[in-house]
Amino acid sequence: MLEKEVLKLDSIEEEMEDDHFLIKLKVSNSIDRTVYAYSSPRKILYDPATKTLNLILHDHDVAENSILTNHLLEPAVKQVAGNSEGEIKLKLPKVIHRIKSAAETGGGKIEVELLNIQDAENVNVEIAYQDTPFYYKPGKKNNLAQLKQWGGIISKAKFDLKKRKKDRE
Amino acid sequence: MALYMARDDGTGSFFPDVAFIDLFRISNIDTGFGETDNAADPKGIITTYARTDGGIPALRLDDLVNNLTYTSPPDIIVFAVRGSFTLSDGTAITSIAGIAIPVGDSLNPTTADVVTFYDSSECNGNGYIVDMEGGGHTGFPPPVILYHELAHCFHFVTGVASTEPLAEADENDMRDQMGINHRDASSHWGTCGGGAESCCVVASVTTGSPFSKEVNELRNIRDNLLRQGKVGEEFFNSLHYSYYAFSPEVCRLMGTYNYLYELVRIYFVVPLIMGLKLIIDYTKNNNDNLFNTLKTQFNDENINNVYSLEFIKIMRYYISSIKNGKLNESEMFSELSKRGNINGLGQLAEYLRDFTENDGYIKWALFDVADMWTEASGMFLSGIDEAEINVSLKNKFDNWTAEVPVDKVWAELSPIEAQDELEKLELLLKSQTSREKFARRLTASFSKHENVVRQWLNKK
């Protein structure tokens with residue numbers, strides 16, 4: 001098992017396609033073993049005021065007693081070969097439909113917030129990974145506990161898309 | 001209490017028509033199932049049901065719609081969503097497939113209703129899969145996801161402690177109605193179609209799919225034979241760690257020399273599986289007539305058509321060249337050369353030799369097993385008699401099992417735990433000779449277990 005960060009999140013590019021947008025994250029692996037990294041977002045959070053997109057590719061934020069505990073599915077995984085660079089492609093919807101909490105609405109009415117994440121100018125990425133693939137152990141710990149144990153190392157990075165978008169204009 | 005379908009609120013977030021279809025399927029296309037849309041009702045479109053179908057899912061739906069077994073429960077609202085949906089905390093629906101949320105949970109957007117969200121997009125078209133009863137994987141289509149979540153809803157409103165095994169057992173009623181495979185109710189594993197479970201990357205690549213028959217067989221062996229007890233679990237973890245240091249280079253070579261895909265499959269993957277089956281037959285099934293097992297294997301045309309005596313001889317040559325590192329120095333070199341460019345085979349042989357020299361787990365668990373099966377097959381195809389083959393295989397397996405790597409986990413075990421683990425190992429170490437040999441190796445590394453080992457050896 002890994003004991004320290006070995007995956008560096010180097011750079012990010014984004015591409016608009018017809019019905020989604022693609023974030024291409026360039027990463028580099030500094031050890032001589034293949035690393036297996038989450039390659040699908042578990043949480044997508046967007047602040048339209050600051051145009052900041054948070055892509056959470058791990059399950060460490062989920063509480064131990066959460067209703068999600070045994071519902072969490074095995075994530076998609078990208079292999080990054082030892083001592084090499086790789087690319088993690090995240091195919092994201094252009095607009096996220098986020099249901100507001102009862103605390104936000106007062107519980108009276110169902111409200112959905114449409115988040116145009118394609119407009120993001122800042123992207124924060126957090127990715128969990130390990131030097132062996134995840135394998136589920138039936139009858140052992142719950143899904144969340146197994147995923148947290150496996151994806152024990154997280155690399156984080158912040159990227160500025162605003163400059164890239166400006167350069168393209 | 002009523003069962004609602006969330007109405008399209010103008011944001012394109014909810015799909016009541018889809019929810020209706022999935023509920024209609026749950027009713028088994030019972031024309032008694034319907035809806036009433038009162039636009040003034042903020043919760044959504046209320047369902048109605050005058051049941052005529054007698055199936056279990058229809059009965060459950062009737063109960064949910066018409067409160068047959070409980071009084072004054074909260075309403076249930078069904079939200080059919082798509083892949084772009086997230087819960088209030090940002091959790092992507094594609095990371096859970098569906099969820100049922102009781103009243104009072106922070107993720108519930110209401111304060112008085114039970115809610116369920118389920119992904120009707122099938123993970124943006126990739127499909128969801130779950131573990132299948134009996135081994136392998138099976139699909140998790142939207143009506144089944146919804147039925148599973150409604151099982152949780154039913155537990156919430158009737159005050160039953162809602163667990164995954166309960167919901168999964170209920171889910172199988174819906175699967176029966178749809179005529180699809182049962183889910184393994186003891187496993188909560190699932191994934192979105194593309195994010196497949198990693199079992200054996202080499203087997204997945206060479207057989208064309210992580211869900212091929214060969215990979216499912218390996219997965220089954222892993223889960224039902226290897227991971228027994230603390231020692232078995234740690235042995236598997238060590239093997240897993242070694243394997244994923246070993247396999248990426250094999251995959252790289254296969255990517256460079258495309259012809260290696262098929263060769264790796266028939267030289268290693270299939271012999272490994274066949275060898276493991278022989279070992280399972282000898283150990284778990286207590287079968288001493290392995291000649292018959294081999295005969296059954298060779299009755300399969302997939303084995304018989306590929307593994308002729310001539311081909312086995314070529315395989316034996318290749319395996320011995322891995323052991324001695326001398327691929328080029330043999331009369332068989334010209335035989336292999338006839339198959340075209342063999343640079344990749346040479347590199348693979350060298351890599352396997354280096355790895356198996358340095359890693360006891362890969363050598364014991366993978367290479368030696370494939371080697372034993374190939375040798376046994378050669379004897380079988382050469383017409384050597386049944387008794388001789390049985391004695392030879394028994395001796396080989398006994399020698400092999402006695403060489404099982406002694407994992408460092410033994411250092412942590414108490415005497416009682418060590419005794420328990422030794423008893424579990426009796427399945428593998430069938431003969432007194434193999435037990436004595438293993439015992440010597442164990443106590444050489446972990447002398448603290450000498451007393452326990454002595455008692456274990458003396459008990460028969």
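Which exposed residues does the face of α9(B) turned away from its buried side carry? That face carries Thr296(B) and Asn299(B). Exposed means over 50% relative accessible area, buried means under 20%, and partly exposed lies in between (1.4 Å probe, protein chains only). Helices (H or I, at least four residues) and strands (E, at least two) are DSSP runs, numbered from the N terminus.

The model is predicted: local features need pLDDT of at least 70, side-chain atom pairs count only at pLDDT 80 or more, and totals for chains, interfaces and linings use all residues. Residues are numbered from 1 along each chain as its sequence is written, chains are lettered from A and ligands numbered from 1 in the order in which they are written, and side-chain values use heavy atoms, with hydrogens and water left out.

Helix α9 of chain B spans residues 290-299. Its buried residues are Leu290(B), Phe291(B), Thr293(B), Leu294(B), Gln297(B) and Phe298(B). These residues cover an arc of only 160° around the axis, which puts them on the same side of α9(B). The arc is that of the directions from the helix axis to the C-beta atoms.

Helix α18 of chain B, residues 450-458, was examined in the same terms. Here the buried residues are Val452(B), Val453(B), Trp456(B) and Leu457(B). They lie on the same side of α18(B), because their arc around the axis is only 130°. Gln455(B) and Asn458(B) are exposed on the face turned away from the buried side.

Helix α2 of chain B covers residues 56-66. Eight of its eleven residues are buried, so α2(B) is largely enclosed by the rest of the structure. The buried set consists of Pro57(B), Ala58(B), Arg60(B), Leu61(B), Asp62(B), Asp63(B), Leu64(B) and Val65(B). Pro57(B) has a relative accessibility of 3%. Its C-alpha atom is separated by 57 Å from that of Arg441(B), 384 residues apart along the chain. Asn67(B) follows α2(B) and has a positive phi, near 50°.

Two further asparagines of chain B have a positive phi. Asn28(B) has a phi of about 70°, although it is not a glycine. This residue is found in the loop between α1 and β2 (33-36) of chain B. Asn28(B) is partly exposed, with a relative accessible area of 34%. For Asn124(B), also not a glycine, phi is about 55°. Asn124(B) is found in the loop between β7 (114-119) and β8 (128-131) of chain B. At a relative accessible area of 54%, Asn124(B) is exposed.

Charged pairs were considered next. Side chains of opposite charge can pair when their charged atoms come close. A salt bridge is a side-chain nitrogen of Lys or Arg within 4 Å of a carboxyl oxygen of Asp or Glu.

One salt bridge in chain A joins the side chains of Asp10(A) and Lys8(A), at 3.1 Å from N to O. Asp10(A) is partly exposed, with a relative accessible area of 32%. Lys8(A) is exposed, at 54% relative accessibility.

In chain B, Arg183(B) forms a salt bridge with Glu168(B), with the closest N and O atoms 3.5 Å apart. This pair links distant parts of the chain, 15 residues apart. Arg183(B) is in the loop between α4 (164-178) and β10 (190-192), while Glu168(B) is in helix α4. Both residues are buried.

Glu375(B) and Arg316(B) also meet in a salt bridge, at 3.7 Å from N to O. This pair links distant parts of the chain, 59 residues apart. Glu375(B) is in helix α14 (residues 360-381), and Arg316(B) is in helix α11 (residues 309-324). Glu375(B) is partly exposed, with a relative accessible area of 29%. Arg316(B) is partly exposed too, at 24%. Elsewhere, salt bridges that share partners join Glu168(B), Glu171(B), Arg175(B) and Arg183(B) into one network.
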